[in-house]
Amino acid sequence: MMKRILLLLAGVAVMAGAALVKPLPAVKTVKVNERVYALLGPAELPSAHNGGYMVNSTLILGDKGAILIDTGLTDEVGAHIRKAAEKITRLPITHVINTHHHGDHSLGNVSFAGVEIISSENCKKLVEDASGDWIAIAENAVGRKLPNTRAVPASRTYASQTRTPVEINGVKMEFWVPEAAHTKGDLLVWLPEDKVLIAGDVLVNTTLPNFRDAEVKKWVQTLAEVQQYPARTIIPGHGPLMSMKDVKAMHKRMGDFYAGVEKVYQSGGAEADVRRQVSLKEWQKLKHFDSLMGGNINRTWLQVEAENF
Ligand SMILES: [Zn+2]
């Protein structure tokens, strides 16, 4: 009798524990064409509410296997995205591509054991160096320890300032590694036959771009170059799919902002003058303005100062 009560109590405890971990938000699947699927996460900052699921991924179906771009912030998010992919295809995922090193795009790699991981050379280095920081950010955001989340850097890499045509599972791609933009290790994937561009966080839609590791001036230049691709569909790192018109708007917003900060500096102003003298109207329309814009101003100011000193 006692044993049965104890078992019952243990069962209740397990259920209570399980209830603390909320199910992750649903993956929003957008079929781009017969072989390309955008798997969109909520356009939010990572939190206990979304369990760290807030990134966009892309699934590409080849002849012998599937390719997944970006894997999420935690092992659980990685498994969640994997499950969504397995609902779309029975093909095994043979390759994972990381668009950059930030944890929300790469820490889910751990849930893809035995899969070849691809990134830029700099991304690989940054995954190795910054993984401790990113795991701390992830644990802080979701509000609990993540004992099964760890960094898995790429085994196949591409050098900075290169555009490399590759074919994986019969799918033609171009890997473009610009010198710097959102990070020093961004990799954009262009699918010439599908006219699809997968941009990672070099492009984000409806949300504020995060400058924490950015080279703002080079990012603006990269956004000009993005517009040379005859893309029909553009998959950003966060937020809904984009058109070239959205890319142009982001390019203008970033270019105007950088030029505005430069003007304040050159006229002898201080960082605090940026808020008063540079129009932030277009930025205020974006999500996460309050959480990210102060940091973005600071990062831009330091780069303008270094550039103009
Ligand atoms: Zn991101």
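Keep in mind that the structure you are looking at is a predicted model.

Where does Q161 lie? Its place is the loop between β7 and β8 (162-168). The backbone of Q161 also deserves a look: its phi is near 60°, a positive value in a residue other than glycine.

You will find T206 in the loop between β11 (196-200) and α5 (216-226). Is T206 buried, exposed or partly exposed? With 15 C-beta neighbours inside 10 Å, T206 counts as partly exposed, because that label covers counts between the limit of 12 or fewer for exposed and 20 or more for buried.

## The whole chain

Now step back and take in the whole chain. The protein chain has 9 helices and 12 strands. Its radius of gyration is 21 Å, close to the 19 Å that the globule rule gives for 309 residues, so the chain is as compact as a globular protein of that length. Taken along the principal axes, the C-alpha atoms fill a box of roughly 85 × 45 × 30 Å.

What share of the 309 residues is buried? Buried residues make up 45% of them. Contacts tell you about the fold too: among those with a separation of 6 or more, 67% join residues 24 or more positions apart.

## The open sheet

Seven of the strands can be followed one after another. They form an open sheet of 7 strands in the order β1-β2-β3-β4-β5-β6-β7, with mixed pairing. At the edges are β1 (28-31) and β7, each of which pairs on one side only. From one strand to the next, the twist averages 20°. As background, strands of a sheet pair through backbone hydrogen bonds, either parallel or antiparallel.

Strand β4 (residues 66-69) lets you see both kinds of pairing. With strand β3 (residues 57-61), β4 pairs in the antiparallel sense over 4 bridges, and T58 has I69 of β4 as its bridge partner. A hairpin of 4 residues joins β3 to β4. With strand β5 (residues 93-97), β4 pairs in the parallel sense over 4 bridges; here I67 has H95 of β5 as its bridge partner. In a regular strand the side chains alternate between the two faces of the sheet. In β4, A66 and L68 point one way while I67 and I69 point the other way, and all are buried.

Strand β6 (residues 116-120) pairs with β7 in the parallel sense over 3 bridges, and S119 has T157 of β7 as its bridge partner. Helix α4 (residues 121-142) lies across β6 and β7, running at about 105° to β6.

Y158 is found in β7, which covers residues 156-158. Y158 has 21 C-beta neighbours inside 10 Å, so this residue counts as buried; the cut-off for that label is 20 or more. Which residues does Y158 contact, leaving aside neighbours within four places in sequence? They are S120, E121, T164, F175, V177 and L187. M293, by comparison, is 135 residues from Y158 in sequence and 32 Å from it in space, C-alpha to C-alpha.

## The nonpolar core

The largest nonpolar core has 79 residues, and L188 and V189 touch the most other members. Not counting residues up to four places away in sequence, L188 touches W176, L197, I198, A199, G200 and V202.

## Helix α6

Finally, look at helix α6 (residues 244-266). At 1.5 Å a residue, its 23 residues should span 33 Å, and the end C-alpha atoms are 32 Å apart, which agrees.

Which residues of α6 are buried? They are V247, M250, H251, M254, F257, V261, V264 and Y265. The buried residues of α6 pack against α5, β12 (233-236), α7 (271-277) and α9 (289-308).

Notes
Residues numbered from 1 in each chain as written. Predicted model: local features only at pLDDT ≥ 70, side-chain atom pairs only at ≥ 80, totals over all residues. Helix = DSSP H or I, 4+ residues; strand = E, 2+ residues; numbered from the N terminus. Contact = placed C-beta atoms within 7 Å. Core = buried A, V, L, I, M, F, W, Y, C linked by C-beta atoms within 7 Å. Rg over C-alpha atoms; globule rule 2.2 N^0.38 Å. Pairing = 2+ DSSP bridges. Axes fitted to C-alpha atoms, helices over the stretch in contact; angles between N-to-C directions. Expected span 1.5 Å × (residues − 1).
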